[in-house]
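Please open the structure in your viewer and keep the selection tool at hand.

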Amino acid sequence: MTMYSHPPEEGYEGVYLQTHLDDVARRANEIVPAEATTPDDESLQRVVETLAYVHDFGKATTFFQEYLRHNTEPEYKPCRYHAPIGSFAAYYALDAQGFESETCLAGFVAVAKHHGRLPDVTQYIHDRAYNSENSTAGAQTNAEQQQAAIAMQLNNIEEHVPELAADLFVAATDNDGSWDGFRQSYKELLDEIAAAVATESGTTINRESLSDSCYGLVLEIWGSLVLADKTSAASRSENTASESAYEAVQPSLQVLDEYVGDLEASSPADPDGSRTERLNHYRSRARAAVTENAKQFAEDGGGVATLTLPTGMGKTLSGLSAAQTVRDELDGERVVYALPFTSIIDQVVDEVKDIYETDTLGRLLTAHHHLSETKIVDEDDVDADKADKNDDVAGILAESWRAGLTVTTFVQLFESLAGPANKQSMKIPALRDSVVILDEPQSLPLDWWKLVPRLVAILTERYDATVIAMTATQPQLFDEATDRGEEVTELVDEPDVYFEATERVQYELDESTERYIETQEIPKPYADASAELLTAVDAGASTLAVCNTIDSARALFDELIDIQDSLLNVGDIYADELSKVESTADIDPQTLATRITKRSDQSILHLSTRLRPVDRLKLIETAKELTDNGHGLITVSTQLIEAGVDISFDRVYRDLAPIDSIVQAAGRCNRSFEREQGRVIVWWLDVPDEQQKTPAEAVYNRGATLLPVAAETLDTVREADESLSETTVARTAVTEYYKKLHTDKNVGKQEYAEYVDNARGDKLAELSLINQRNAVDIIICRTEAERRQVEQVREAWKRYEFDRVRRLMDELKEIRVSFPIYHGESDKKEKLGQLNPVHSDTDVLCLDVRKHGLSQYFDQNTGFVIPDSTAERRIL
């Protein structure tokens, strides 16, 4: 009987089992470097190669082949499953070659779960191997049924394909073991494996049996095996992947140096010159020092470094220079640049595109987040049919971070290092010998603050990666490494020098904030806040108000419109322009800004995540044109504008928040040093309609109650009632604030870190960097081009072109809004029921704003709304 790993099907030839196993083994050797080792200094490459030979060994039964070809279930259903027998074969094959027990156990789990996700490792090993002598046939556990099935599978393989089995075990064990040896020792293996993780009684597990490094080892060999297996299966041939299939094209440090050199040549730098010339001098000085210190850091062996610079000092370019310097010095292959928000990824990606004159579809650069098209397509794949056939491979390679530089999110990085799903695991091998940049690490959720250092330790100790944490407000996340005797290197010589050199803003505490400090009573009414914003813009200052919730932003925006109905609404002008064009791509922000300035000296803009991503981007670009030209613009926004948005206002008003968030908001004030100094005013906004708490208290006083700590710190570092300098807030206050959080509040959940030490893959899989919520995704069509895209999805679905459906849905992500539905909000669910799904097998809804009766779901200034809803609106 011919044994297939993947059967013949429409458009594809079948793949023989032996061919697939040989191919996966070959790929494993490409993915895992020859010098990589386990914690016990064994060859990691040989471990994964061994697993590759046996991972699908269970497919060699007639039970599985009948199911594969004819969808026929065996009489004893557990005989159909192929991973369990493969996991025992993996343990045997590694043990036969003399690998340490923990390595054999890690291999056992990796093969058992090469189509699943990681379990509670210790408990899983014990349960899969433990066999109660008193159990009867009718009372067998699932594991014991599985063990019985494996015994039947062994006999089946011996009866039908013993030669195939013999050849596989020769390859898997490098002649140190055999098929007969495995078959005859199977029952003994059960006792050996169970005993390895059990207490003396044998009936319960001993969590001390596995070392703290075990989980990192399991992650790496599992991820490597999954990547080799999935790319082999997607390629459908042993020859479709060249020897360079997993290699990266490295962004050149020389090209980056030349790019920065050109920038510096066009911008005079003089420490004794004008303000702009002085700033250019300090930018150049900072980057030169960072690059030099990065070289010494690498020569000292790497590890964890911090890069602390204020806004405006070229942190992105300095960070890229440092990362590529370390990569070259340590012979690494990849750089992973991780940021907290998808909204700022595109800015970094666009800058890298300009530097290297590239796109995100090659082996040099990948953008990986939920709104990106993520694939690696080789330049010689010009044949359309071939490209279509390899779309899955292209996606796998990119989502596995095989490019030389991947720009991604903290969610993608840390959730893949903690409790990854099967698909997420494939990026783990790329982290070996990589340089990982953490941009704005203070944005990580407080609950993760004890887990992140533990995951970073896995990166540096298990995968020999280097980590650079860069921000203006270092959250002291890696003090734990210092406590363990490991040095954390600051790449910036005397950071205070650069903060004092910039001094772009001064901070002021509004009377409402003073009241919060003293009594936590009487916040600022929206009418008073609106009047103050209007006074500021009347004085010629472009103004930004950053609110803590969507409801708060809407309340302030509505109040401004009510008080000053002559303000020109940027959203209205944008909507009018959008109605005249075929696509949003046809809208030019510069032209839009010119149209606005011709009509009025003052305008107002609202920004939140209820606006489509593509609209937000166009509106922010328009706002930048307006502020650059000195137009009197009031922008009311949620926190989405705080991180990395390259726009500058004369004044910024920030609702009370943790100090790092206040500093982030200040990064939007006098960003380009248009004035000698900008003003950042911290106020405490009132409760919006229908809510119980002020937005600041609702967002930041859950759990760690951050506001009192922030307010107390600001009060402590100032003299009397004076304004605060940028250095005082960004350096002194930030340091004191984080010290209080770590010592007084002891932020971070210790059990999260213990999940890693105890190899609790099941618990780690439950964690998320994003607050889990029930949400409905809605595609909002505002142009004819977008309506045609939705129709193309529906037509492709009708024709069962599911790959095309997936690609088209990816393209629609930039016009998709996520709307949260909270417990008790059945009225919202009912009203959303008026919107139809994009196609019959998706939960994603579609809203055409021009359709009769549906326009009430969309406001062209504030975005998606539930019509006439009185239910409580929630946090961004």
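In which helix does Asp257 lie? Select residues 253-265: this is helix α11, and Asp257 is part of it. Please bear in mind throughout that the model is predicted.

Remain on Asp257 and display its surface. From C-alpha to C-alpha, Glu9 and Asp257 are 51 Å apart in space, and 248 residues separate them in sequence.

Now select residues 62-70, which form helix α3. Which residues of this helix are buried? Thr62, Phe63, Phe64 and Gln65 are buried there. To view what covers the buried residues of α3, select 4-6 and 142-160: the cover includes β1 and α7, respectively. Then step to Asn71, which follows α3 and has a positive phi, near 60°.

The last stop is a sheet. Select β18, β19, β20 and β21: they make up an open sheet of 4 strands in the order β19-β18-β21-β20, and the pairing is mixed. Which strands stand at the edges? They are β19 (816-820) and β20 (836-837); each has a single partner strand, so one side of each lacks a neighbour in the sheet.

Finally, focus on β20 and on β21, residues 845-848. These two strands run antiparallel and are joined by 2 bridges. Within this pair, select Pro837 and look across to β21, where Leu845 stands opposite.

Technical notes. Residues numbered from 1 in each chain as written. Predicted model: local features only at pLDDT ≥ 70, side-chain atom pairs only at ≥ 80, totals over all residues. Heavy atoms only, no water. Buried < 20%, exposed > 50% of the residue type's maximum accessible area, 1.4 Å probe, protein only. Contact = heavy atoms within 4.5 Å. Pairing = 2+ DSSP bridges.
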